[in-house]
Amino acid sequence: MGHSAGEWEHRAAIEITKDWNGVEQVVLQNQQGASARVSLLGGQVTSWRNKHGEELLFTSSKAIFKPPKAMRGGIPICFPQFGNCGSLEKHGFARNKVWAIDENPEMRQPNDSNGKSFIDLLLKPSEDDLKCWPHSFEFRLRVSLATNGDLILTSRVRNVNGKPFDFSFAYHTYFLVSDISEVRIEGLETLDYLDNLCERQRFTEQGDAITFESEVSRLYLSSPNVVAVLDHEKKRTYVIRKEGLPDVVVWNPWEKKSKSMVDFGDEEYKQMLCVDGAAVEKPITLKPGKEWTGRLQLSVVPSSFCSEHLDL
C-alpha cells in the first residue's frame, strides 16, 4: 500500500486553494511538517514555516491582499525592474500579475524533484504589459520545499522576442526577525554598496558585520553566493544561497519611513529585514532565444552555526 516519494509529493504535498479574494494559492508541505504557501498573484511566496509550524517570513498586519497590489511581505518577485531604476512602476509588473500553473514545465534537472514538494508557475506578458515594456518573454518559476525544509526558488526568463532586451530582478525577501537591533548580516563585509539614502552614492562596507540602528536601503555589489542573517534572540540563522544573482539588497525602513507606508505598521520595522538576492546594478541582457536563470535557496540553522562554517 506504500507510495513512492514521487507519489507522496504530488498526492499529499501539494494543495491548491483560494484566498479570501478568490486568488488561487498553492500550499506545499513536506513529510516533516514544514510548509510554504505560494499565491498565483505575483507568484509570491506568502508563507514559509519550519517543521514546528513557526513562520519564517514577515507579513505586515496592514498588508493589502487585494489585487492588483502586491502584498507587503513574503517574497515578491521584482521583474523586469527593481525599485525605480527605470520607466516602469516600482519593482516592475510581475508581482502584480496573476500567474498560471505551468502544466508542461521543462525539467532541466531530472533530480530536481527528488524528495521535494514543488510547483511550477508561468508568466507571459499581456497586451498591456507589451505596451509599457515591448518585449516578449516567458518567465518560469519553480518554488520547491525540500525534505529538510529549505525553500528554493528558481526563476528562468526566456527571450522569445526578435531582439535583445534588458531587465533587472530581485527576490524581495522579507525575513521575520525577533528584534532588528539584535540582528546582524555576515558575508557582505568589505563590499562596495550603493546607498539609496544618499542618492545611490557608492561606499565601502567598513563593519565586521552589518547591524541596524537606523533606516538602511543599500545595494551590495559583487556579493558572495552565501550570506547569513543571524538573529541572536531567536538563536537561529537564515542562510541565503544564490546563483545568477550578483547583488544583495538590504532594507529596513525604520521608524519614520514605516509611519509613511499605509500597508505597514508603525512599529513593524522591528520584526522584519529584507535581504534580497538580486541583479540590479548591471541589468541582464538577454539575446533572442536565450534564457537566464536565477536561483535562491533559504535555510534556517541554529545560530551557533555562523558564517565561518559556511561555504563562502
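Tutor: Strands of a sheet pair through backbone hydrogen bonds, either parallel or antiparallel. Here, strand E7 (residues 117–123) and strand E8 (residues 137–145) pair in the antiparallel sense over 7 bridges. Two strands pair if DSSP finds at least two bridges between them; helices (H or I, at least four residues) and strands (E, at least two) are DSSP runs, numbered from the N terminus. The model is predicted: local features need pLDDT of at least 70, side-chain atom pairs count only at pLDDT 80 or more, and totals for chains, interfaces and linings use all residues. Residues are numbered from 1 along each chain as its sequence is written, and side-chain values use heavy atoms, leaving out hydrogens and water.

Student: Which residue stands opposite Leu121 in E8?

Tutor: That residue is Leu141.

Student: In what order do the strands form the open sheet?

Tutor: The order of its 8 strands is E6-E7-E8-E9-E20-E17-E16-E12, with antiparallel pairing. At the edges are strand E6 (100–101) and strand E12 (183–186), each of which pairs on one side only.

Student: How is a nonpolar core to be read, and how many residues has the largest one?

Tutor: A nonpolar core is a set of buried Ala, Val, Leu, Ile, Met, Phe, Trp, Tyr and Cys residues joined through side-chain atoms within 4.5 Å. Buried means under 20% relative accessible area, exposed over 50%, and partly exposed in between (1.4 Å probe, protein chains only). The largest core has 69 residues, and those with the most contacts inside it are Phe79, Phe139, Phe167, Ile185 and Leu273. Strand E19 (residues 272–286) supplies the largest share of this core, 7 residues. Another core, of 9 residues, lies apart from it and includes Cys78, Phe82, Leu194 and Leu219.

Student: Which residues is Ile185 in contact with, leaving aside its neighbours within four places in sequence?

Tutor: Contact means heavy atoms within 4.5 Å. On that basis, the partners of Ile185 include Ala209, Ile210, Phe212, Val227, Leu273 and Val275.

Student: How many aromatic pairs does a search of the whole structure find?

Tutor: Rings of Phe, Tyr and Trp (its six-membered ring) pair if their centres lie within 6.5 Å; planes under 30 degrees apart count as stacked, over 60 as edge-to-face and the rest as tilted. The search finds 21 such pairs. The rings of Phe58 and Phe264 have centres 5.7 Å apart and planes at 50 degrees, so this pair is tilted. Phe58 lies in the loop between strand E4 (44–49) and strand E5 (77–78), and Phe264 in the loop between helix H3 (254–260) and E19, 206 residues apart. Both Phe58 and Phe264 are buried.

Student: Why is the pair of Phe79 and Phe139 edge-to-face?

Tutor: Their planes stand at 90 degrees, with the ring centres 5.1 Å apart, so the pair is edge-to-face. Phe79 is in the loop between E5 and E6, whereas Phe139 is in strand E8, 60 residues apart. Ring pairs also link Phe79 and Phe139 into a cluster, with Phe93, Trp99 and Trp133 among its other members.

Student: Is Ser222 buried or exposed?

Tutor: Ser222 counts as exposed, at 60% relative accessibility.
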